[in-house]
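Here are some notes for a colleague who has the coordinates open. They are set out as numbered points, to be read beside the structure.

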Amino acid sequence: MSLSVAVKAKKSTLISLMRLSSFSSATSSTISLKPSGRLQQTLEAPVEVNGKALHSGKVSTVKLLPAIAGAGRYFEFRSRSIPASIEFAQESPLCTTLLRDGLRIRTVEHLLSALEAKGVDNCKIQIESESPDDREVEVPIFDGSAKEWVDAIEEAGINVAQNHDGESVEKMVAHVNKPVYVCKNDSFVAVFPDVETRITCGIDFPQVPAIGCQWFSWKPEHDSSYVKDIAPSRTFCVYEEVERMREAGLIKGGSLDNAIVCSAEHGWMNPPLRFDNEACRHKILDLIGDLSLLARVGNGGFPVAHVVAFKAGHTLHTELARHLTID
């Protein structure tokens, strides 16, 4: 695996990038599907995991199952199917939620990030809550990273998917044809046409010196790049904001075992970090999961483009995904 390159960039430079709306493209549509040169894939065998959820604090069980080519990635909850698609994404605090017919599945981003990065295009995801009457369920948080999901996928194995006729199907990938961005105040996510997938991410916590301003640029040069560079990075929070989040009914299952916590006064409370810029890398993990919602019928997913994000979160990620589905 190649070493990802950390970059330093000024905020003003990236905001200037966002304004390159005069960029012209030979194709009128925002994104187009092109052959990837590989076949759609699925899991070779089922695998089951269970664990506590970050926000609800409840235990849920997840079974990852093989699916036929063209099925895409979809959840099954209370015997109802909920596709992992942007059209079912709902704005929710501090996580990405899928909603269909009154059934909600929360905190899907880490699992979807791992499936997308590992090339599992088709997967049936059965999920169960500890309470049989719940209309809402949350994906387990584990240690706050995607590492356990990667381990589960590797335990199951990956194989070429076949359709109902027993035929394999080529995977089509999304290519961005012109710049698109969404922003709110000084936060933004932008995509620019490129010949390869690259992600540049920045965060800024001036009130928390141990985090501060960080930038990281990454591209999946090898199959193991995500496993080594991105998947182990854990979700993070600021210690002084914990009580406010709990009063809002969030992070009921949060602990020093499933997040890295940083105090404005005392710095990191549960070191060591897995990377010096672990917090910034985790934002890339989330971004991959959220933009994977562009996938349909085993095609699409995270686009071939240069994605640049600064101080962004799930709301901006999914807003961008919606813009990329509009011509």
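1. Is cysteine 183 buried, partly exposed or exposed? In this predicted model, cysteine 183 counts as partly exposed, because its relative accessibility is 41%.

2. The structure holds zero disulfides. For cysteine 183, which is in no disulfide, the nearest cysteine sulfur belongs to cysteine 201 and is 16 Å away.

3. Cysteine 237 is also worth a look, with its sulfur lying 9.2 Å from the closest cysteine sulfur, that of cysteine 262, which is too far for a bond. A disulfide here is a pair of cysteine sulfur atoms within 2.5 Å. Cysteine 237 counts as buried, because its relative accessibility is 18%.

4. Leucine 256 is placed in the loop that runs between helix H5 (242-247) and strand S19 (260-263), and with 48% relative accessibility it counts as partly exposed.

5. The largest pocket holds about 1,200 Å³ of space. Its lining is made by 45 residues, of which Leu94, Phe236, Glu241, Met245 and Lys283 are the closest to the centre of the pocket.

6. Seen by element, two or more residues of the lining of the largest pocket come from each of strand S7 (89-92), helix H2 (109-117), strand S16 (198-205), strand S18 (236-238), H5, helix H6 (278-291) and helix H7 (314-324). Which element gives the most to this lining? It is H7, with five residues.

Key: Residues are numbered from 1 along each chain as its sequence is written. This is a predicted model: local features need pLDDT of at least 70, side-chain atom pairs count only at pLDDT 80 or more; totals for chains, interfaces and linings use all residues. Side-chain values use heavy atoms; hydrogens and water are left out. Buried means under 20% relative accessible area, exposed over 50%, partly exposed in between (1.4 Å probe, protein chains only). Helices (H or I, at least four residues) and strands (E, at least two) are DSSP runs, numbered from the N terminus. On a 1 Å grid over the protein atoms alone, a cavity is a set of points where a 1.4 Å probe fits but cannot get out, and a pocket is an open set with protein on both sides within 12 Å along at least five of seven lines; lining residues have an atom within 4 Å of a point. Grid points are joined across faces, edges and corners, and a volume is the space filled by probe spheres set on the points.
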